[in-house]
Amino acid sequence: MAIASPSAPSFSATSICYTTRTDSTPSRSLRLTPIHTRLYSRSRLTLSCQLNSSSSASNGSDDSDGIDGGDVDYELQHGSVSPQHHRKGWPVFITLPIDAVSFPEGRMKRKKAMVQSFRALATGGVEGVVMEVWWGLVEKESPRVYNWQAYLEIVALAKRFGLKVRAVMAFHQCGTDADDPYWIPLPQWVREEIDKDPDLAYSDRFGRRNMEYISLGCDVLPVLHGRSPIQAYTEFMRSFRDTFSPFFGGVITGIQVGMGPAGELRYPSYPLQKQAWTWRKPELGEFQCYDKYMLASLNACAEKVGKREWANRGPTGAGNLMHDPEGTEFFRSDGSWNTPYGEFFLAWYSGMLLLHCERICREAETIFRDIEVNLSGKVAGIHRHYFTRSHPSELTAGYYNTSIRDGFVPIARVFGRYGFSMCCACFEMQDAEEKRKNPVSSPEGFVRQVILAAKICDIPLQGESSSSSLDYESFQQVLKMSKFYSDVLGGATFSFNFVRMDRNMFDFRNWDSFTRFVKQMSDAKNFRAELSFGEDDMQLSSLSAPATDGAVLAC
């Protein structure tokens, strides 16, 4: 289906310079819709045996159990929704398996098992599911040719059981290579363009290319068959809107827009091959500014401020991935990150990420304006160096967040300007556990800082787990951090995404633990978690950061 490309944004990708913003007031009020749920009278289910016995169909795609094209056609023609009821407390969503839709066929997998799973989720009190909609599956072979069929089937199934859907616009690659069981690359026609022009992919100082996400340095350049990446993302979202219009409001209640690797607003600051273990070790990361488009922007800004010696490269003395930050010239406590050069580079680097965020948020807000759906964006749960002065792993990911500067309020301001909620992971992680492996890590400090940023900018928050842990301590930690947002700070709307659904979840003990957690979240106002926010927990740079923190403007 051919769609006319929108006009390119008026600002240039090569014009970000080190200039502070003085106007921090959001220009657009938030568009919030009430959270409802649909409840049916259902009998109790014998969960574990039914759902685990469906493994024999794990590789099939024809076991429809009534979920077929006829059902989808009926739902599209008769777009009525089930009666809705208000739910108290905090709604819980669960992310579907990565391979819910097969690659490269683009078919819904394990349909009978999915029916049983959705029935169990609805009976267990879950609000809805998070459905990742992969660019590399939908627009796989040719520009503007979209195949939504499998996702229409999933949405129709959710409606059948009274579940809501949050759709994630996944413009990134999943997995490391074709041997990965969860491999979903960028569309074939995009990869062909990258083969012709490798600088469309991010690059670090060693020349290592990262194919997870198109470099934001070429956001507005016509490098994809005459379209810019922003135009390609925009037309994808517009096609989604038009195709799924009967389901908005009643079934599809949320759209999370991917803005980088793993769908997160960040740079791919570590080699993709190390993704499985990187977040558990204290790596510094690598600055992703060496493709020709990023360098052109950097050079233009260096020229603008009269510092040509600051052009053509990222910081020197940044060490390597596994270096102790105190052993590096740039990241050590008194390093060059806190010098005029460091401030220039980090403001430019984070500013490019903020501009990318603004471009996507603006297009998404325009597309989904006047539609009853909540928009959101996600920040990465990077906490490996939270108790150092420079926070190196956050800096290389694009968050200009240090012990003396808040990097998350500027992001929250952009989200707030366009009516977006902010999603962040690590809600189940505990400092005590992490510090056994890395003394300077603080997932709780990271989460609290993001919570405070959301509070300062008065935007809704979506918590998310970083693993599929189903133990009691993890669930209690989620409740604790949720109450910190909603009660201690008087936060706005809150919800939680559990990542992700798998067979182990429906084991009797795990399922019992999970449904107890869902009930506690729904009875949140009556639940009393033990809160112990001491002085050490509140060492947040957002409490003392200047009002103009993190803001950079186009020159």
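This is a predicted model: local features need pLDDT of at least 70, side-chain atom pairs count only at pLDDT 80 or more; totals for chains, interfaces and linings use all residues.

Residues are numbered from 1 along each chain as its sequence is written, and side-chain values use heavy atoms, with hydrogens and water left out.

**The core.** In soluble globular proteins, nonpolar side chains tend to be buried together. Here the largest nonpolar core has 152 residues, and those with the most contacts inside it are Trp 135, Phe 240, Ile 255, Met 422 and Phe 514. (A nonpolar core is a set of buried Ala, Val, Leu, Ile, Met, Phe, Trp, Tyr and Cys residues joined through side-chain atoms within 4.5 Å; buried means under 20% relative accessible area, exposed over 50%, and partly exposed in between, with a 1.4 Å probe and protein chains only.) Helix α10 (residues 340-367) gives the most to this core, with 15 residues. Helices (H or I, at least four residues) and strands (E, at least two) are DSSP runs, numbered from the N terminus. Ile 255 has contacts that include Phe 240, Phe 248 and Phe 368, leaving out residues up to four places away in sequence; contact means heavy atoms within 4.5 Å.

**The rings.** There are 42 aromatic pairs. Rings of Phe, Tyr and Trp (its six-membered ring) pair if their centres lie within 6.5 Å; planes under 30 degrees apart count as stacked, over 60 as edge-to-face and the rest as tilted. Trp 135 and Phe 171 make an edge-to-face pair, because their planes stand at 80 degrees, with ring centres 5.9 Å apart. Trp 135 sits in helix α4 (residues 135-138) and Phe 171 in the loop between β5 (164-170) and α6 (188-196), 36 residues apart. Trp 135 is buried at 0%, and Phe 171 is buried at 1%. Phe 514 and Phe 517 are a tilted pair, with centres 6.4 Å apart and planes at 45 degrees. Both lie in helix α16 (residues 508-522), three residues apart, about one turn of the helix.

**The charges.** Side chains of opposite charge can pair when their charged atoms come close. The count is 30 salt bridges, a salt bridge being a side-chain nitrogen of Lys or Arg within 4 Å of a carboxyl oxygen of Asp or Glu. Here are some of them:

| Glu 235 | Arg 144 | 3.0 Å |

Glu 235 is buried at 0%, whereas Arg 144 is partly exposed at 22%. Lys 378 lies in strand β9 (residues 374-379) and Glu 464 in strand β11 (residues 461-464), so their bridge ties together parts 86 residues apart in sequence.

**Two loop residues.** Gly 258, in the loop between β8 (252-257) and α8 (275-278), is buried at 1%. Its C-alpha atom is 7.5 Å from that of Lys 378, 120 residues away along the chain. Ser 215 is in the loop between β7 (209-214) and α7 (229-243), and is buried at 0%.
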